[in-house]
Amino acid sequence: MMSDFSKNHEPLRKPVPLYEQTVKDEKGRYQRFHGAFTGGFSAGYFNTVGTKEGWTPATFVSSRQQKAGRQNARPEDFMDEEDLGDHGIAPRQITTTADFASGRKDVIRDKARAITSLSAPIPGDTVLEDLVAPARSSMGVELLRKMGWKDGQGVGPRVKRRLCKQRADSATRAFGSASPPNGSSESQDEEDGEFVPENVTFAPKDVTPIDFTPKVDLHGLGYRGLNPLAALRGGPGAGHINLFTMDSDRTNSLFGEDRKGQRRRGGVAGQGFGVGAMEDDDEDIYHRDIMSNYDTVLGGEEPGNGLYGWTAPQQYNRKKKDHSKDAAYLGKILEGFTLASDKLETKTVGIFPPPNLPRDFRPVHYFRPVVDLSSVSPMVAQALQTSRGHMAQEEPSKGGRHQLDSAQRRELLGEATLQGADCSLYSSETCRHNKMSLLNPSRFAPHAEQQQQEALSVWSGPTAQAQTGQTFKPFERTPHKQARYDLYIDQLKQGDRDALELSLDPTMTEWERGRERDEFVRAALLYKPSSSSLSCRFTRGKQDDGVEADTVEVTRDQENDVDDKQAAVKMKMFGKLTRDTFEWHPDNLLCKRFNIPDPYPGSGFVGMPKVKRDKFSVFNFLTVSESPTASASPAPQGNKQSVPLYPDTFYLKCYREEFQSVGALTFIVYYQIYSLFNLITRLN
Amino acid sequence: MVRTQTNTHTVRYDCCSTWSCLCIYITRFRCFSSSHFLSTHLSPPPLSLSFSADGNYLLSCGSDKSLKLWSVSRGTLLKTYSGHGYEVLDADGSYDNSQLCSCSSDKTVILWDVATGQVTRKLRGHAGKVNCVQFNEEATVILSGSIDGTVRCWDTRSRKFDPIQILDEAQDGVSSLKVSEHELLTGSVDGRVRRYDLRMGQLHVDFINSPITCVCFSADGQCTLTSSLDSTVRLLDKSTGEMLGEYTGHKMKGYKLDCCLSSKDTHVLSCSEDGHVYCWDLVEGSLMLKLPVGKAVVQSLSFHPSETRLLTAMEGRVQVWGAEPEETEEEVVVVQQEKA
């Protein structure tokens, strides 16, 4: 209950009406609330300013001077993390403060100091810098200075040296990487004249610090890369085009101030500068013209000794030149390198005089044959003799070897001409005509006479004569008809005009004969040999040797009769009677392995040359009769062997021929059969 | 009849079952008082593992299916090469002693690496046991002759397992073959000596009429020596085929025994089935020496390429015969082959 809570407070009031909701301060004055909210200008301070006490008067202090010092906002305040990162515009790094930094000073700064020390009003002295810059040299340097050392001098006992050596040209000073040695102050007074005071000692030369940074890249020695200033500036060595003129403010502000000497070195821009937009001659307004382009001098500049610019190699001219200049120049070329003090003795390198030529020497080389002609097969010997030992350039065709046609190439290679009709699909009339007639027999329907003529011409041509082997037999089913057809074809081949009539069977009826006549003619035309339009595209397939083939390959050269040899051996007459020589082709790879030239380079086969012979079967010789002579009378074949006196050897040969490919083991098996058979026949 | 003789006449090898050596061996160094020159030798160039001297090593192949490498001077066994499936019939070493080839009754020819003893290549293709094998001069080709009548030329350089060429002109087994710079000499059981001239591309066949057991070239390359089963050793002229000399007196009727020429072509030596080694003067043909090697068949012999030393193999032992020095030494180095 509310009454419980208000036990400590004043007794419960009635709800305060609006007009009684007022605030009074401690003095009892009514508070006035300004504005829409509680608060206002004088809220809390009751029309006072700023403080409870109110505005207090104070003396005016001007902050105009301090505005510069007071930096409310630093640039870093406007930067984000990226800018403050490693690659930003204000990277934050941790560096050693100057108090703790090592004594090694910035090289560039040192050089700059050294150079400016020369051109300063008091040369050799860095008073101004010491005044202006905070002197932060190490203790050792301070001590040295107190002992009389100056910047740029060497450290060590003073030495006596010739004055002229020390003096360096002012022009070369600018290029030298090492600061020239400074003499003591006394020597500076002696600038003109050769007078060398005798009791003057000089400070030793400063040691050029050796750069110990290792070379870790793969560039060449002394490679410095592209100097962007030089490239963009477009000096005489650069090939860049400068879009702006040399004198524009913009270039100067962009590329920095150049030395005064270089200002005029560039050329005028624009071909003839001042080419307007309206003018025609504006092809090459960006072309840069350099004054050195006009450096040529006409006449009279060549050296008087008639060398016309030929200069001897360095070693002959070196004595005239100044060695010191050489060294300085070379030192500039390759940083960190200088000329060696010891010259390389030419004797150690060894310059050898040219050989003495014989009086009759002519610088022409003839190839002699490497191989003795007698010890090599005749084919190779012939090839060696006919070859001239160099690349044959004889009789090149008009267009060279690429313009040969197949006939010329065949001639060059020595190949045999191809058999077969030399025709193309569109060449001969007859081809076309035949093709048409075959396709549309009804449309053309030539006369029977014409057809016969055609058949005759086709079959009696040379190509038909060349046809050996089998041709297609159209009437195989009926052997009689086939026989007549064969007869007809044969007579056609011979060019007989009445071939058709002669080959017809007189026993047949007239109607049958007529039919047969037509059939023969049509067949002859249809199945003509190799003069059809596509025949030159086809060739007869290789005869497959198989069981059905009735020829077998045997070696072409056979041995002489064995029995003669045996007799010779018994009589001990070795030599011609017992020796046989055959042609034998080694494999090409075998010749290579034996390191000898292939005796038959063009041969396609290996071993002894083989020819086909008709096969014999044992059944050729099986006769029913029992007389031994009957069994010993086979028909003589094309072998070199004469009719054998001993049937055994002959049978053996036959068996060998027949089973040439089967292998020795099967041969042995068959030999067993043969011997059994022999036994049986002998017994009979 | 000649023909049936050819076929039923199987040429026997390794008559004794305990016989282990066939080609060239050394067991004992023995001097002979009556000998003028007889020495031990290795016909293939020595196999060098760390030495390189020619004629210092010796290869022996045995019916225990292994190939053994010996040192001649000490008579010690250096290495054994096992890998064949049947008895090893012949072996040859390359000119630089880094490779060996061997052939066996298991119809294979194996190319060995000498140092490691590993099989580099196993060449299969023959249809029967391989009787003889030899490297060519540069050890790029292995030629092997087999009882199936073929001589196969294998390429050691390439990785092909097929032979480069198969010479199958022989009508019966090939018993022996020798290779020279450009020629291949084969002797066959069909009684013919075939000489394949690679340079001229010719094959010369000499008819001897009895099965040939061994062929070899002479050192000057003008003659060939053939021994056949009619107990005759014949010297034939290479170019014409005429017989220059005939040497008889030994017994060779059934076994494949070796014959050779001395290092300077002065003498002809041949094994014999009566346990002797016969030595004839080449020019005169007279028997100079009959070395009593033992009681059994002397199966193989080999002459040193340069010195007068002879190796003979008999019944599991190999003997080295040297020229007689001024004082007779009794230095005996015995090396026994393992019996198979």
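**Briefing: how chains A and B meet**

Between chain B and chain A there are 3 salt bridges. This is a predicted model. The contact involves 51 residues of chain B and 39 residues of chain A. Together the two chains bury about 3900 Å².

**Contact area**

- Carbon and sulfur atoms account for 58% of the area buried between chain B and chain A.
- Three residues of chain B stand out: B:Leu198, B:Arg199 and B:Phe207. They supply 18% of the area that chain B buries against chain A, more than any other three residues.

**Polar and charged links**

- One salt bridge joins the side chains of B:Asp206 and A:Arg579, with N to O at 2.8 Å.
- Polar contacts link 15 residue pairs between chain B and chain A, counting pairs with both residues at pLDDT 80 or more.

**The side of chain B that touches chain A**

- Eight named elements of chain B each supply at least two residues to this side: α1 (2-8), β10 (141-146), β11 (151-155), β12 (165-167), β15 (192-197), β16 (202-207), β19 (232-237) and β20 (243-248).
- Strand β16(B) gives the most, with 6 residues.
- By class, this side of chain B has 19 charged, 17 nonpolar and 15 polar residues.

**Strand pairing across the chains**

- Strand β16(B) also pairs with a strand of chain A, namely β4 (residues 579-583).
- The pairing is antiparallel and runs over 5 bridges.
- Within β16(B), B:Gln202 is the bridge partner of A:Glu583.
- A:Arg579, at one end of the range given for β4 of chain A, is the residue whose side chain meets B:Asp206 in a salt bridge.

**Chain A as a whole**

- Chain A has 684 residues, and 21% of them are buried.
- Its secondary structure comprises 29 helices and 5 strands.
- Among contacts in chain A with a separation of 6 or more, 53% are between residues 24 or more positions apart.

**A helix in the open**

- Helix α17 of chain A spans residues 406-413. Of its 8 residues, 0 are buried, so α17(A) lies largely in the open.
- A:Gly414 follows α17(A) and has a positive phi, near 80°.

Key:
Residues are numbered from 1 along each chain as its sequence is written. Chains are lettered from A and ligands numbered from 1 in the order in which they are written. This is a predicted model: local features need pLDDT of at least 70, side-chain atom pairs count only at pLDDT 80 or more; totals for chains, interfaces and linings use all residues. Side-chain values use heavy atoms; hydrogens and water are left out. Contact means heavy atoms within 4.5 Å. Buried area is the accessible area (1.4 Å probe) that two parts lose on being put together, summed over both. A salt bridge is a side-chain nitrogen of Lys or Arg within 4 Å of a carboxyl oxygen of Asp or Glu. A polar contact is a pair of N or O atoms within 3.5 Å; within protein, one must be able to donate a hydrogen and the other to accept it, and residues adjacent in sequence count only if both atoms are side-chain atoms. Helices (H or I, at least four residues) and strands (E, at least two) are DSSP runs, numbered from the N terminus. Ala, Val, Leu, Ile, Met, Phe, Trp, Tyr, Cys and Pro count as nonpolar, Asp, Glu, Lys and Arg as charged, and the others, Gly among them, as polar. Two strands pair if DSSP finds at least two bridges between them. Buried means under 20% relative accessible area, exposed over 50%, partly exposed in between (1.4 Å probe, protein chains only).
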